[in-house]
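Me: I would like to go through this structure with you. Could we begin with how the helices are arranged?
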Amino acid sequence: MMAEKADGDKSGISRRALLKHAGLASAVAVVPVKLFASAPVAAALEAPRAAAQTSTAEALETLTAAESSTLEAMVARLIPTDGNGPGSAEARAGRYIDRALGGALASSREAYRAGLAAVDRCARTSRGAPFQQLSPEDQDAVLRDMENGVAAGFGPGSSIFFNLVRAHTIQGTFGDPYYGGNAAFIGWDLIGYPGLRLAVTADEQRLDARVTPTHRSAYDHTMFSSKKPSRASLDGSSLRHGD
């Protein structure tokens with residue numbers, strides 16, 4: 001659902017609306033790539049991964065540089081930085097997706113390869129420039145068309161890919177930072193989640209209590225650290241731990 005980006009602004013995608021769709025990850029885990037791969041993958045999206053770097057100069061693990069640029073632009077608009085605080089770009093949800101596509105989300109790798117190429121193709125067809133070069137308003141317009149399944153040059157699966165990226169963006173913004181997203185605990189601070197507590201005081205159980213954030217991953221606690229999963233073998237159940 002497209003809704004307000006900030007109070008009173010109907011041009012963007014609201015954080016509240018996104019949270020309502022947090023359960024979409026399982027529904028779109030396996031995406032039929034043929035739905036949005038009706039044209040060849042853009043050559044630019046086949047750039048060698050060895051030379052690919054994120055905006056923070058950290059080497060990409062799965063995506064190409066061009067794919068990452070498109071994805072980072074999408075992520076930045078799905079939960080944008082606004083009057084409510086920093087968004088998914090600062091939480092590094094794109095980094096989470098890049099890492100997870102080499103592990104827990106590996107089954108979605110081809111869907112991302114075809115889908116990100118289609119996003120770029122759609123942006124060029126409808127707006128005259130690659131998605132990452134469009135203004136925020138034009139990026140939102142492309143995302144709205146994708147969500148509604150009417151994105152020019154995309155094919156009938158645009159809404160499926162939109163939901164896939166949205167679900168993974170939510171995971172990367174609000175999940176345990178161990179998995180590569182929720183940098184600096186931005187997502188948890190945004191929703192007021194103070195982090196895992198092994199004991200809760202009487203004062204912290206008050207309805208009006210202001211609990212001081214721990215800013216610790218679940219795996220920073222001794223009782224969980226010995227069970228810390230290897231990133232390459234993460235499965236869906238592991239990803240939900242600590243969300």
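Reply: Angles between axes under 35 degrees count as roughly parallel, over 145 as roughly antiparallel, 65 to 115 as roughly perpendicular and the rest as oblique. Helices (H or I, at least four residues) and strands (E, at least two) are DSSP runs, numbered from the N terminus. This is a predicted model, in which local features need pLDDT of at least 70 and side-chain atom pairs count only at pLDDT 80 or more, while totals for chains, interfaces and linings use all residues. Residues are numbered from 1 along each chain as its sequence is written, and side-chain values use heavy atoms, with hydrogens and water left out.

Me: At what angle do helix 5 and helix 8 pack?
Reply: The angle is about 110°, and the axes of helix 5 (residues 93-100) and helix 8 are 8 Å apart. Axes are lines fitted to C-alpha atoms, for helices over the stretch in contact, and angles run from 0 to 180 degrees between N-to-C directions. Helix 5 and helix 8 are therefore roughly perpendicular to each other.

Me: Which residues make the contact?
Reply: Helix 5 contributes Ala93, Tyr96 and Ile97, and helix 8 contributes His168, Thr169, Gln171, Gly172 and Thr173. Contact means heavy atoms within 4.5 Å.

Me: How many of these residues are nonpolar, polar and charged?
Reply: Three are nonpolar, five are polar and none is charged. Ala, Val, Leu, Ile, Met, Phe, Trp, Tyr, Cys and Pro count as nonpolar, Asp, Glu, Lys and Arg as charged, and the others, Gly among them, as polar.

Me: And how do helix 3 and helix 8 cross?
Reply: The axes of helix 3 (residues 65-78) and helix 8 cross at roughly 75° and come within 10 Å. Leu71, Met74, Val75 and Leu78 of helix 3 meet Phe161, Phe162, Val165, Arg166 and Thr169 of helix 8. That contact has seven nonpolar, one polar and one charged residues.

Me: New topic: how many aromatic pairs are there?
Reply: Rings of Phe, Tyr and Trp (its six-membered ring) pair if their centres lie within 6.5 Å; planes under 30 degrees apart count as stacked, over 60 as edge-to-face and the rest as tilted. By this rule there are seven aromatic pairs. The ring centres of Tyr178 and Tyr179 are 5.2 Å apart and the planes are at 80°, so this pair is edge-to-face.

Me: Is Tyr179 buried or exposed?
Reply: Tyr179 is buried (under 20% relative accessible area, with exposed over 50% and partly exposed in between, for a 1.4 Å probe and protein chains only), at 5%. Tyr178 is partly exposed, at 23%.
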